[in-house]
Amino acid sequence: MTLLSVNAWADNVQVSMKTSMGEIELSLNKEKAPKTIENFVQYAKDGFYDGTIFHRVIKGFMIQGGGFTETMQKKQTRDPVENEAKNGLKNRRGTIAMARTSAPHSATAQFFINHKDNDFLDYPGHDGWGYAVFGEVTKGMEVVDGIAQQTTGVTGGMRDVPKTPIIIEQVTILE
């Protein structure tokens with residue numbers, strides 16, 4: 001039993017996300033979401049996430065980031081990735097999932113970390129697709145909770161933007 005869990009852990013991709021509020025460590029499930037993880041890892045290796053912010057924060061729901069700079073400039077992304085929400089992973093507290101528009105296969109770089117269980121985001125969801133979970137927080141959930149507590153408002157026409165920017169300083173793939 002121990003050997004299996006060690007091997008399963010080794011198959012996952014380990015990530016360190018340093019933010020202006022502390023570090024969040026993630027374990028990404030390559031087996032369940034291979035295309036999503038390949039996409040996320042490439043953005044991380046390219047340094048794309050460095051200097052982006054958590055631009056949408058809703059306590060008791062989720063924290064979303066990875067697409068805007070501190071000045072609320074939307075970053076240019078690559079083509080969208082196929083929606084892998086049908087993978088059996090659920091939008092539970094502490095899981096990371098891809099953000100998207102109403103189009104099921106529109107996820108690019110933005111992601112969110114669930115602040116609570118959000119079953120309504122699971123496959124098949126309201127639109128027959130849901131939101132693709134691809135990993136979970138393994139350390140630093142107190143940082144996620146701290147981010148979720150921040151005061152928000154409207155900035156650049158967007159709601160739920162933290163009044164004090166929460167910067168994603170660096171996303172590192174631990175190899």
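This is a predicted model: local features need pLDDT of at least 70, side-chain atom pairs count only at pLDDT 80 or more; totals for chains, interfaces and linings use all residues.
Contact here means heavy atoms within 4.5 Å.

Helix H2 comprises 12 residues, 34–45. Just after the helix, Gly-47 adopts a positive phi of about 80°.

Which residues of H2 are buried? They are Thr-36, Ile-37, Asn-39, Phe-40, Val-41, Tyr-43 and Ala-44. The cover over these buried residues includes strands S1 (13–19), S2 (22–28), S5 (95–98), S6 (111–114), S7 (133–139) and S10 (167–174).

Let me now consider Phe-40. The largest nonpolar core has 35 residues, and Phe-40 and Tyr-49 are those with the most contacts inside it. Leaving aside residues up to four places away in sequence, Phe-40 touches Val-15, Met-17, Leu-28, Tyr-49, Ile-96, Phe-111, Phe-134 and Val-171. There is also a second, separate core of eight residues, among them Met-62, Ala-97, Phe-112 and Leu-121. In soluble globular proteins, nonpolar side chains tend to be buried together.

Finally, I come to the loop between S2 and H2, where Asn-29 lies. Is Asn-29 buried or exposed? Its relative accessibility is 18%, and because buried means under 20%, Asn-29 counts as buried. The side chain of Asn-29 reaches the backbone nitrogen of Lys-32 at 3.0 Å. Again setting aside residues up to four places away in sequence, Asn-29 touches Asn-12, Ile-37, Leu-89, Phe-134 and Gly-135. Of these, Ile-37 is one of the buried residues of H2, and Phe-134 is also touched by Phe-40.

Conventions:
Residues are numbered from 1 along each chain as its sequence is written. Side-chain values use heavy atoms; hydrogens and water are left out. Helices (H or I, at least four residues) and strands (E, at least two) are DSSP runs, numbered from the N terminus. The expected span of a helix is 1.5 Å times one less than its number of residues. Buried means under 20% relative accessible area, exposed over 50%, partly exposed in between (1.4 Å probe, protein chains only). A nonpolar core is a set of buried Ala, Val, Leu, Ile, Met, Phe, Trp, Tyr and Cys residues joined through side-chain atoms within 4.5 Å. A polar contact is a pair of N or O atoms within 3.5 Å; within protein, one must be able to donate a hydrogen and the other to accept it, and residues adjacent in sequence count only if both atoms are side-chain atoms.
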